[in-house]
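Q: Could you walk me through one part of this model in close detail, covering what faces out, what faces in and how far the prediction can be trusted?

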Amino acid sequence: MRSVGTLTRADLAETINHKMGFSRAESLDLVEAILAKMCDAMSDGENVKISGFGSFVLRDKKERIGRNPKTGVEVPITPRRVMTFRASQKLKERIAQGS
């Protein structure tokens with residue numbers, strides 16, 4: 001079990017290396033290919049769903065009026081596309097159990 005911290009690409013590659021027996025370079029290439037595929041899909045406007053893990057969902061936000069918290073002056077907020085993550089029920093349950 002890893003200590004509390006940040007999971008990195010290298011950590012993912014290391015797991016692939018140990019579980020699948022690929023070389024370290026092949027494992028890192030596989031991680032990079034998966035992440036590139038996900039990025040390409042989202043750049044093309046597609047949502048990404050990983051069963052048992054969660055979904056990366058794109059949402060278009062319309063232009064709206066915001067307020068500068070220091071001055072109180074109203075300013076327009078430009079329309080933009082944002083990405084959100086929705087954890088699957090399995091992931092939520094696993095996190096709640098702490099395992």
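A: Exposed means over 50% relative accessible area, buried under 20%, and partly exposed in between (1.4 Å probe, protein chains only). This is a predicted model, in which local features need pLDDT of at least 70 and side-chain atom pairs count only at pLDDT 80 or more, while totals for chains, interfaces and linings use all residues. Residues are numbered from 1 along each chain as its sequence is written, and side-chain values use heavy atoms, without hydrogens or water.

The buried residues of α2 are S27, V31, M38, A41 and M42. Viewed down the helix axis, they fall within an arc of 105°, so they line one face of α2; the arc is taken from the directions from the axis to the C-beta atoms. Their cover includes α1 (9-20), β1, β2 (54-61) and β5 (80-87), with contact meaning heavy atoms within 4.5 Å. Helices (H or I, at least four residues) and strands (E, at least two) are DSSP runs numbered from the N terminus.

Just after α2, G45 takes a positive phi of about 90°.

On confidence, the protein chain averages a pLDDT of 93, with 96% of its residues scoring at least 70; pLDDT is the predictor's confidence in each residue, from 0 to 100. Among the elements, mean pLDDT is lowest for α3 (residues 89-97), at 94, and highest for β1 (residues 48-50), at 97.
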